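Notes follow, in the order I took them.

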Amino acid sequence: MALDSKIPKGPIADKWTDYKNHINLVNPANKRNIDIIVVGTGLAGGSAAATLAELGYNVKAFCFQDSPRRAHSIAAQGGINAAKNYQGDGDSTYRLFYDTVKGGDYRSREANVYRLAEVSANIIDQCVAQGVPFARDYGGLLDNRSFGGVLVSRTFYAKGQTGQQLLLGAYSAMNRQIGRGKIKMYNRHEMLDVVVVNGKARGIIARNLVTGEIERHSAHAVVLGTGGYGNVFFLSTNAMGSNVTAAWKAHKRGAYFANPCYTQIHPTCIPVSGDHQSKLTLMSESLRNDGRIWVPKKLEDVTAIRTGKLKPVDIPEEDRDYYLERRYPAFGNLVPRDVASRAAKERCDEGYGVNATGEAVYLDFASAIQRYGKEQAHIKGLDENDAALVKKLGQEVVKNKYGNLFQMYEKIVDQNPYETPMMIYPAVHYTMGGIWVDYNLMTTVPGLYCIGEANFSDHGANRLGASALMQGLADGYFVLPYTIGDYLSSDIRTGKISTDSPEFEEAEQEVRSTIDKLINNDGSYSVDHFHKKLGKIMWNKCGMARNAKGLKEAIKEIAELRAEFWNDVKVPGSENEYNEELAKAIRVADFMELGELFAKDALHREESAGGHFREEYQTPEGEALRRPEFQYVAAWEYKGEPSAAKMHKEALVYENIEVKERSYK
Ligand SMILES: Cc1cc2nc3c(=O)[nH]c(=O)nc-3n(C[C@H](O)[C@H](O)[C@H](O)COP(=O)(O)OP(=O)(O)OC[C@H]3O[C@@H](n4cnc5c(N)ncnc54)[C@H](O)[C@@H]3O)c2cc1C
């Protein structure tokens, strides 16, 4: 099937308005006769479910947690972008659009990104109206801070808990509809297949995680807002439960999977401490507003630090290498994540890593504490030369801005980051790849939509910070409610969709037989044993830097590991109870397939772009080298198994932005 991205004609600034002016609508009385399934109740799914129900559709919402409030979105710390230009520092819809396309290394679809920038301002108004407690400046206006890859301050935040506050807003909006009976909420339900009837998505098969019951649910359209698949790496900053199953099952039913190898590696995470670990912790990018990243200039200082003979605070200024400020003077510590991650890896590969494993750099707040302390002393008419006072005042400012993040760091690392620099290292954080969608957010299966991190998104080869929340909420509150109506307008006379059809029967039997196989396999190794092995292959051969040899090995090793998994995995317990191991086994089985497609996609892309870095394609300075012949989206069609997947290309046309070298110098 040829890809049609359905981008409306006309000038970019008019496309979305013209589109809305001309689409088909469903009148309120007819909306009452239409059912929509929304799988996922994070920021994308939660905002979509609430809005669709508010419009009058009957919504069935699903999540695997015990409450929508526990979706992974709750973890988002730093903030959400919007082109409000409250700072008067030159922001605009165009600039947000431009920064996002450039930040994604010119690998995203112009029309979608422009629309995202356009609706970004509405998101903030909507959330403020819901009562989301965004930080405010001294005059009472909403405050902003900066994130990487941009030269303006456009990031709205609620301390280091922006995702949590936004999710509470979406959850309240959902609850209103749950109360009215317009949303039927299925907590602790895991979608295990999409049901396609006569070429249209008409329902799902879900497993009640508490009882083990397999259920059929029908609807006129199905929306997936099921999050990202970073946990294919085993270790990531994602919530432990985040997985690819919903997206992968949709892929197997005909939805193309786009750019699976586009992963974001976040530069500021707490370094890996050992093999026993099952989770990595993010230190928000917002910290790069004030934290300065460095390693020692001299290798002997590195050795002294590692052996405990020197502390970082003992290293004099002239012996520190603030390598981001040195290499990228214009953006300094606020370069985009892919650039900052690679630069940290480069220093550590050269032997300058500051912890025992050699994989850590410093994020230092001493200068900020001094700067803020002096300012406060000046404001208060106190002695600016009193070092102890300045330090105390400065620490208070930093605590107000980032207190919860500092506390989290201290609890995990057992070091006080007000007194000694934090140690950080890049870790898997976000997946720009995902289910391919057209301008309507519809997948290649009619009636099946995909929103939020689960789709291949608006971020191209790299996501700028604070853009995921913006995209998820734009999709759910402002885009999908229009586009899905256009599709459903032809369904007003269809009536209820029966679950009593061969398609539902076939999908249910498939789910049952997978579960049966896993439960009765009686192998020797736990699910985690295989997941960890997969994660190691992914990190070593498909991680921050990749090359053709490693990727070919990864493809082979993942296929072998998958066979081993099905042969030798042990899932204790039964299928008719709450069985966390079984749920995990089903998810890992899908990661095993996705991993192979991921490597295959990475291998075919003979260029470096954003978060995807092929060692063979770099500039003499070690920067990502894009190649014009790869200016397309790679959308993979399932053909029986990952190795047989067929690639379709969506050419990326840039008419409103000049594609040039992506410089942050
Ligand atoms: C630590 C951390 C900090 C971050 N900070 C920021 C930030 O400051 N700013 C920013 O813009 N972005 C940030 N991000 C990224 C951002 O949080 C996520 O991209 C975004 O929240 C994803 O939202 P979502 O709604 O698409 O998916 P999620 O929030 O992951 O929700 C997925 C939903 O799908 C459900 N689900 C999944 N599979 C199934 C299934 N098979 N059956 C039923 N239900 C299913 C889950 O139960 C859940 O409800 C951060 C990410 C991390 C890891």
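Predicted model: local features only at pLDDT ≥ 70, side-chain atom pairs only at ≥ 80, totals over all residues.

Before I list any neighbours: I count two residues as touching when they have heavy atoms within 4.5 Å of each other.

**Entry 1: Q264**

I started with Q264, which I found in strand β11. Is Q264 buried or exposed? I get a relative accessible area of 1% for Q264, and since buried means under 20%, Q264 is buried. Leaving out residues up to four places away in sequence, I have Q264 touching R337, A427, V428, H429, Y430, M432, N462 and R463. With N462 there is also a polar contact: the two side chains are joined at 3.0 Å.

**Entry 2: the five-stranded sheet**

Next I wanted to know where β11 sits. I found an open sheet of five strands, and its order reads β11-β15-β14-β12-β13, with antiparallel pairing. β11 (263-269) and β13 (320-321) are the edge strands, and each of them pairs on one side only. As a reminder to myself, strands of a sheet pair through backbone hydrogen bonds, either parallel or antiparallel.

I then went to β12 (residues 292-296). Three bridges join β12 to β14 (residues 361-364), and the two run antiparallel. Going residue by residue, I see I293 opposite L363 in β14, while R292 has D364 as its bridge partner there. Towards β13, I count two bridges from β12, again antiparallel. V295 has D321 of β13 as its bridge partner. Why is β12 largely enclosed by the rest of the structure? Four of its five residues are buried, so that is how β12 ends up enclosed.

**Entry 3: the four-stranded sheet**

I found another open sheet, this one of four strands in the order β16-β10-β18-β19, with antiparallel pairing. β16 (434-435) and β19 (646-651) are at the edges with a single partner strand each, so one side of each has no neighbour in the sheet. I counted six bridges between β18 (residues 632-637) and β19, which run antiparallel. E637 is opposite K646 of β19.

**Entry 4: around the ligand**

On to the ligand. Which residues come nearest to it? Of the 37 residues around the ligand, I noted Q65, S73, G78, M191 and E453 as the nearest. I looked up the polar atoms too. The side chain of S73 has an N or O atom 2.5 Å from an oxygen atom of the ligand. For E453, a polar side-chain atom is 2.6 Å from a ligand oxygen. S467 does it with its backbone: an N or O atom there is 3.4 Å from an oxygen atom of the ligand. Taken alone, the ligand exposes 1,000 Å², and the protein buries 97% of that.

The elements giving two or more residues to the shell are α3 (43-55), β6 (189-197), β15 (422-431) and α13 (468-488). β6 gives the largest share, three residues. I sorted the shell by class and got 16 nonpolar, 18 polar and three charged residues.

**Entry 5: helix α4**

How many of the eleven residues of α4 (residues 93-103) are buried? Eight are, so I have written α4 down as largely enclosed by the rest of the structure. The buried ones are L96, F97, Y98, D99, T100, V101, K102 and G103. After α4 comes D105, with a positive phi near 60°.

**Entry 6: positive phi**

Most residues other than glycine have a negative phi. N85 is not a glycine, yet its phi is positive at about 55°. I placed N85 in the loop between β3 (80-81) and α4. N85 is partly exposed, with a relative accessible area of 31%.

S457 also has a positive phi, near 65°, in a residue other than glycine. S457 is in the loop between β17 (448-450) and α13. Is S457 buried or exposed? S457 is buried, with a relative accessible area of 6%.

Methods:
Residues numbered from 1 in each chain as written. Heavy atoms only, no water. Near = heavy atom within 4 Å. Polar contact = N/O pair within 3.5 Å; in protein donor to acceptor, adjacent residues only side chain to side chain. Areas by Shrake-Rupley, 256 points an atom, 1.4 Å probe, with all protein chains shown as cover. Nonpolar A, V, L, I, M, F, W, Y, C, P; charged D, E, K, R; others polar. Buried < 20%, exposed > 50% of the residue type's maximum accessible area, 1.4 Å probe, protein only. Pairing = 2+ DSSP bridges.
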